[in-house]
Amino acid sequence: MSEEPPAKVTLGHLVRAERICARRLRKEHDNARSNFGGTARWKVGNRVTEEVRLAHTDLCAPGIDRFDGTAADLTAEQQHVFALAVRWYVTLFERAVRVVDEDAWGTDLPGDLRLVGPAGLAFTGSDGRPEIRILRLGSRVPAAASSDSPAVRFALLRRTDWLRDREVRVAVADLVHGTLAEEVLETGALMPELWAWLDDRIAVIRERMAAPRPTAGVECAWCPYIAGCEAHA
């Protein structure tokens, strides 16, 4: 019999713990089996991320020629978004970096917990210094690379073993709007604050799950646990 996976904590859980349906939160946290969810909304973003990763297998600042220009598996509309994202990427990022091989999906925490979900791409520059690039496609939230950003905090917490309290450049780019925010962060000074934030947010998650009553709302339309939900009985 296979071991049960660690309880899952995502960036969405940390940011929206007070607002997400408690029943869904509990089931996602416990890795409960769910209905299959479509991946169309993530297809372009996943493709851009993978192409960027491949373009940086060598130390370089890639040009358009390093990206797959056909994107034949995408629809015509998706191809236009993909092409726009690539043009903005090579325009905004001129530093030569090499991608870092890593577990891109999850990081184990004490207490049988696992931070799960994408958290940007990790790179090293010609001088070996670490860099994290968080790529977005048409986000409604302005790009921010400060340590106040939950997305930045999540990315740093996912990579504590790799960063080892080093200075890291963090870049957050929107490849549809063409915006870029960058900051150099001292992780040695920041990590105690980030761990405290994580502990506080996990405490909120656990409090919500203590009484996992369903809440009907607009998110029910794409909830993978809607089958058998009491809110729709």
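What do the buried residues of helix 4 pack against? They pack against helix 3, strand 5 (121-125) and strand 6, with contact taken as heavy atoms within 4.5 Å. Helices (H or I, at least four residues) and strands (E, at least two) are DSSP runs, numbered from the N terminus. This is a predicted model, in which local features need pLDDT of at least 70 and side-chain atom pairs count only at pLDDT 80 or more, while totals for chains, interfaces and linings use all residues. Residues are numbered from 1 along each chain as its sequence is written, and side-chain values use heavy atoms, with hydrogens and water left out.

The buried residues here are Gln78, Phe82, Ala85, Val86, Tyr89 and Val90, where buried means under 20% relative accessible area, exposed over 50% and partly exposed in between (1.4 Å probe, protein chains only). Seen down the helix axis, these residues fall within an arc of 125°, so they line one face of helix 4; the arc is that of the directions from the helix axis to the C-beta atoms. An α-helix has 3.6 residues a turn, so residues three or four places apart point the same way. Over on the other side of helix 4, Ala76, Glu77 and His80 are exposed. As for length, the 17 residues of helix 4 should span 24 Å at 1.5 Å a residue, and the end C-alpha atoms agree, being 24 Å apart. That expected span is 1.5 Å times one less than the number of residues.

Phe67 sits in the loop between helix 3 (43-55) and helix 4 (76-92), and is buried at a relative accessible area of 8%. Setting aside neighbours within four places in sequence, Phe67 is in contact with Glu51, Val52, Ala55, Pro62, Val86, Tyr89 and Val90. One of these, Ala55, is twelve residues away along the chain, with 6.6 Å between the two C-alpha atoms.

Now for the nonpolar cores, each a set of buried Ala, Val, Leu, Ile, Met, Phe, Trp, Tyr and Cys residues joined through side-chain atoms within 4.5 Å. The largest has 36 residues, and Leu14, Leu156, Val170 and Leu198 touch the most other members. Among the elements giving two or more residues to this core are strand 1 (7-9), strand 7 (167-174) and helix 7 (187-209). Helix 7 supplies the largest share, nine residues. A second, separate core of 19 residues includes Val52, Ala55, Leu74 and Val99.

Ser146 lies in the loop between strand 6 and helix 5. Not counting residues up to four places away in sequence, Ser146 touches Val152 and Glu183. Ser146 and Glu183 are 37 residues apart in sequence, yet 6.4 Å apart in space, C-alpha to C-alpha.

Finally, the cysteines. A search of the whole structure turns up zero disulfides, a disulfide being a pair of cysteine sulfur atoms within 2.5 Å. For Cys220, the nearest cysteine sulfur is that of Cys229, 6.3 Å away. Cys220 counts as buried at 16% relative accessibility, and Cys60 is buried too, with a relative accessible area of 13%.
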